[in-house]
Amino acid sequence: MNKNKVIEFFDKHADSWDAEMIIFDDIVSRIFDEAGIDKDKDILDVACGTGVLIPYYLNRNVRSVTAVDISPKMTEIAKSKFSRPNVEIICGDADEYDFGKKFDCIVIYNAIPHFADVKQLINHLSEYLKDGGSITVCHGMSRDMINSHHKYVPSDVSAELPDIDDMAENFTSLKNIKKISDNRMYLVTGYNL
């Protein structure tokens, strides 16, 4: 994975991202239920893109949303859409960014194939979890559909989404791992217990 190529790829697609986004409300709702996203929680949205999940978080009456993405164009669009005191959008590399605060729920939605070292990412993000907090890696499509879609993305920008058990092995710093992989979604959640 080449971070500069990832930035270039997502900057190139940022202007058309929202128009091309396919999102199923019922799947997002199930993901949020599994991840424990609800009222008065502080959320970290990793690889937020143009902020497609931010309205869903706000509809759950979360306390705050911090959204981070490595693409300057994606974060520029997200910032133009959300100017609320409880929403902060950061252009930065989630692999090494110092968030300076802790979160109840950290979500990586439709993005994990674009990270070179998933275990390192999960370990880094775990440092920013409150006691009892969760990290969720998820996709609003099946593993087969994601991998089929990514066949057309350069290998220096995206990797194959691994089997659910292999993904769960990256959650070594967390406990009570929950796994779902079916024809509609892919989810691994781990807790800081």
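# Legends to the close-up views

**View 1. H13, with a relative accessible area of 24%, is partly exposed.** Burial classes follow relative accessible area: under 20% is buried, over 50% is exposed and anything in between is partly exposed, with a 1.4 Å probe and protein chains only. The model is predicted, so local features require pLDDT of at least 70 and side-chain atom pairs count only at pLDDT 80 or more, whereas totals for chains, interfaces and linings use all residues. Residues are numbered from 1 along each chain as its sequence is written, and side-chain values use heavy atoms, with hydrogens and water left out. H13 belongs to helix α1; helices (DSSP runs of H or I, at least four residues) and strands (DSSP runs of E, at least two) are numbered from the N terminus. Between H13 and M74 the C-alpha to C-alpha distance is 8.5 Å, although 61 residues separate them in sequence.

**View 2. The whole protein chain contains seven helices and seven strands.** In sequence order, these elements give the pattern α-α-β-α-β-α-β-β-α-β-α-α-β-β. The radius of gyration of the protein chain is 15 Å, close to the 16 Å from the globule rule for 193 residues, so the chain is as compact as a globular protein of that length. Here the radius is taken over C-alpha atoms, and the globule rule is 2.2 Å times the number of residues to the power 0.38. Along the principal axes, the C-alpha atoms of the protein chain fill a box of roughly 40 × 40 × 30 Å. Of the 193 residues in the protein chain, 50% are buried. Among contacts (heavy atoms within 4.5 Å) with a separation of 6 or more, 65% are between residues 24 or more positions apart.

**View 3. A salt bridge joins the side chains of K73 and D15, with an N to O distance of 3.6 Å.** K73 is in helix α4 (residues 72-81) and D15 in helix α1 (residues 3-20), so the pair ties together parts that are 58 residues apart in sequence. A salt bridge is defined as a side-chain nitrogen of Lys or Arg within 4 Å of a carboxyl oxygen of Asp or Glu. Side chains of opposite charge can pair when their charged atoms come close. D15 counts as exposed because its relative accessibility is 63%, whereas K73, at 28%, is partly exposed. The whole structure holds 14 salt bridges.

**View 4. K178 and E34 form a salt bridge in which the closest N and O atoms are 3.2 Å apart.** This pair links distant parts of the chain, since K178 lies in strand β6 (residues 175-181) and E34 in helix α2 (residues 25-35), 144 residues apart. Both partners are partly exposed: K178 has a relative accessibility of 25%, and E34 has one of 22%.

**View 5. The side chains of R63 and D42 meet in a salt bridge with 2.8 Å from N to O.** R63 is in the loop between α3 (54-59) and β2 (64-69), D42 is in strand β1 (residues 42-46), and the pair links distant parts of the chain, 21 residues apart. R63 is partly exposed at 43% relative accessibility, whereas D42 is buried at 11% relative accessible area. Salt bridges with shared partners connect D42, R63, D104 and K130 in one network.

View 6. A47 sits in the loop between β1 and α3, and N61 in the loop between α3 and β2. With a relative accessible area of 24%, A47 is partly exposed.

**View 7. F171 is buried, at 2% relative accessibility.** The residue is located in the loop between α7 (164-168) and β6. Apart from its neighbours within four places in sequence, F171 is in contact with I122, I135, V137, I177, V188, T189 and G190. C48 lies 123 residues from F171 in sequence and 21 Å away in space, C-alpha to C-alpha.
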